Amino acid sequence: MAKYDMAIIGGGSGGLTAARVATALGANVLLVDKERLGGDCLNYGCVPSKSLIHVARIVQKARESASLGLMTTNLSVNMAKVSEYVQGVIGRVAEGEKVYTEGVTVKFGQITFKSATELVLNGEIFTSRNTLIATGSRPVMPRVEGLEEVGYLTNESVFDLMNLPSSIVIVGGGPVGVELSQAFERLGAKVTIIQEQERILPREDPEVSEAVARVLSSEGIDIVTNARFVKAGRSGNKKVVTARQGDQLLNFEADEIVLAVGRQPNIEGLNLEAAGIKYDKNGIKVDDYLQTSASNILAIGDVIGGYLFTHVAVYQAGVAVRNALVPVGKKKVDYRVVPWCTFTDPEAARVGLTPEDAEKQYKQVRIVKFPWAEIDRAQAENETTGFIKLVLAGKKDEIVGAHMVGARAGEMLGEIALAMQHNLTLNDILGTIHVYPTMNTGIQQAVF
């Protein structure tokens with residue numbers, strides 16, 4: 001019977017990071033995935049979506065080039081070539097990730113728990129002192145009449161399109177939905193977003209949601225809010241989405257339906273009960289040390305719910321592995337400073353509290369808002385849409401939140417996140433020399 005110091009279930013970003021950290025700490029590591037490494041981020045999420053967004057951005061810039069005095073011929077999009085480019089990026093990133101499995105035993109198949117220390121893989125039983133579950137999540141499939149018969153796409157299938165649909169209905173106005181909507185509209189499809197809530201990007205500050213919605217609408221995307229997807233059907237060659245908005249039923253015809261209504265944890269088939277692991281529909285239950293109800297089994301990433309971001313799973317991997325293998329001075333997870341970005345154009349980036357949340361926690365809250373158009377580099381590149389909004393608390397103006405809409409806002413968020421993580425002040429940022437002219441000078445200008 002094979003014995004390991006750590007078995008890692010799930011070969012996505014979190015699992016790969018955990019494998020590398022555990023191996024560096026001298027552990028004998030087994031990494032198991034159902035069929036291939038890289039997880040949702042590499043194969044269906046972050047990497048392909050950002051590759052598609054890159055292509056769509058180039059198409060948009062080419063269309064706008066006439067205003068700069070550059071004459072272009074009419075553009076056409078070869079979707080098969082676009083898909084080939086996207087798959088090429090996935091391949092190159094996957095090649096770079098091979099370093100994560102050096103010195104690691106990698107196996108594929110369905111793995112289940114026999115007990116808290118025994119696991120079964122493809123009929124073979126092995127033991128592990130510690131196990132880390134990092135099985136991720138998958139798209140939520142709404143139970144809607146006619147949907148299975150009509151057919152649909154998700155982020156797991158949309159990047160395989162060989163032909164560009166002339167029209168698309170995207171169900172869901174979260175980050176995935178809005179990113180895909182802008183990309184496909186720019187590539188030449190007519191896109192409609194159906195959002196059940198009152199606004200797109202509902203986790204963001206309302207001003208951020210409104211700014212992104214204005215941009216999408218200006219580019220020709222129809223946004224229908226407060227509308228719940230209730231039925232799918234056909235009308236000739238078109239697919240029909242029926243949504244209930246108040247007392248009305250609205251019908252939308254399109255060539256394709258793309259579902260982007262959320263994620264659900266991958267917990268099926270693991271036989272968690274045999275190991276004494278508690279879970280519910282939102283995922284596996286863990287404590288502040290990322291331990292499950294079975295003390296030698298930990299879990300990270302989408303499978304525990306909460307922040308469904310690759311960078312959070314990677315952070316959790318480092319904490320969980322060290323807590324398992326070096327239990328002296330165990331470390332709690334710290335979510336005080338969690339940045340994230342929606343990669344529309346312009347980007348919507350956030351870290352920390354919204355003004356509303358800050359007012360619930362602090363007696364004194366002040367908001368500083370700075371227009372993106374006043375950043376000189378933004379003027380030079382005609383990227384003037386957006387703003388920087390800082391949320392400050394207390395007499396010392398502690399930075400407790402930042403919300404940005406603007407070109408490369410996600411890249412700029414790092415400075416604010418670092419300042420918040422290490423309790424730096426506005427004066428620390430103001431007193432740091434920033435390269436001029438860069439977008440980052442906007443942070444210094446907002447602070448000033």
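Author: Before we look at any single residue, a word on the elements: helices (H or I, at least four residues) and strands (E, at least two) are DSSP runs, numbered from the N terminus. This is a predicted model, in which local features need pLDDT of at least 70 and side-chain atom pairs count only at pLDDT 80 or more, while totals for chains, interfaces and linings use all residues. Residues are numbered from 1 along each chain as its sequence is written, and side-chain values use heavy atoms, with hydrogens and water left out.

Reader: How many helices and strands does the secondary structure of the protein come to?

Author: There are 14 helices and 23 strands. The radius of gyration is taken over C-alpha atoms, and the globule rule is 2.2 Å times the number of residues to the power 0.38. For this protein of 448 residues the radius is 23 Å, close to the 22 Å of the rule, so the protein is as compact as a globular protein of that length. Along the principal axes, its C-alpha atoms fill a box of roughly 70 × 65 × 45 Å.

Reader: What percentage of the 448 residues count as buried?

Author: Buried means under 20% relative accessible area, exposed over 50%, and partly exposed in between (1.4 Å probe, protein chains only). By that rule 51% of the 448 residues are buried. As for contacts (heavy atoms within 4.5 Å), residues 24 or more positions apart account for 63% of those with a separation of 6 or more.

Reader: Which way do the residues of strand β2 point?

Author: In a regular strand the side chains alternate between the two faces of the sheet. In β2, Val29, Leu31 and Asp33 point one way, whereas Leu30 and Val32 point the other way, and all are buried. The strand, residues 29-33, is accordingly described as mostly covered, with 5 of its 5 residues buried.

Reader: In what sense do β1 and β2 pair?

Author: Two strands pair if DSSP finds at least two bridges between them. Strand β1 (residues 2-9) and β2 pair in the parallel sense over 4 bridges, and Val29 in β2 is the bridge partner of Met6.

Reader: Where should I look for a cis peptide bond?

Author: Look at omega: the bond that joins Asp345 and Pro346 is cis, with omega of about 5°, and Pro346 has its place in the loop between β19 (339-342) and β20 (347-352). Another cis bond joins Tyr436 and Pro437, with omega of about -5°, and Pro437 lies in the loop between α13 (426-430) and α14 (441-447).

Reader: Which residue has a positive phi although it is not a glycine?

Author: One of them is Asn382, with phi of about 55°; this residue lies in the loop between α11 (376-380) and β22 (387-393), and at 55% relative accessibility Asn382 counts as exposed. Asn423 also has a positive phi of about 55° without being a glycine; Asn423 lies in the loop between α12 (409-421) and α13, and is exposed, with a relative accessible area of 56%.

Reader: Is Leu216 buried or exposed?

Author: Leu216, in helix α7 (residues 206-218), has a relative accessible area of 0% and is therefore buried. Leaving aside neighbours within four places in sequence, Leu216 is in contact with Val178, Ser181, Gln182, Ile193, Ile200, Ile221 and Ile223. Leu216 and Ala407 are 191 residues apart in sequence and 15 Å apart in space, C-alpha to C-alpha.
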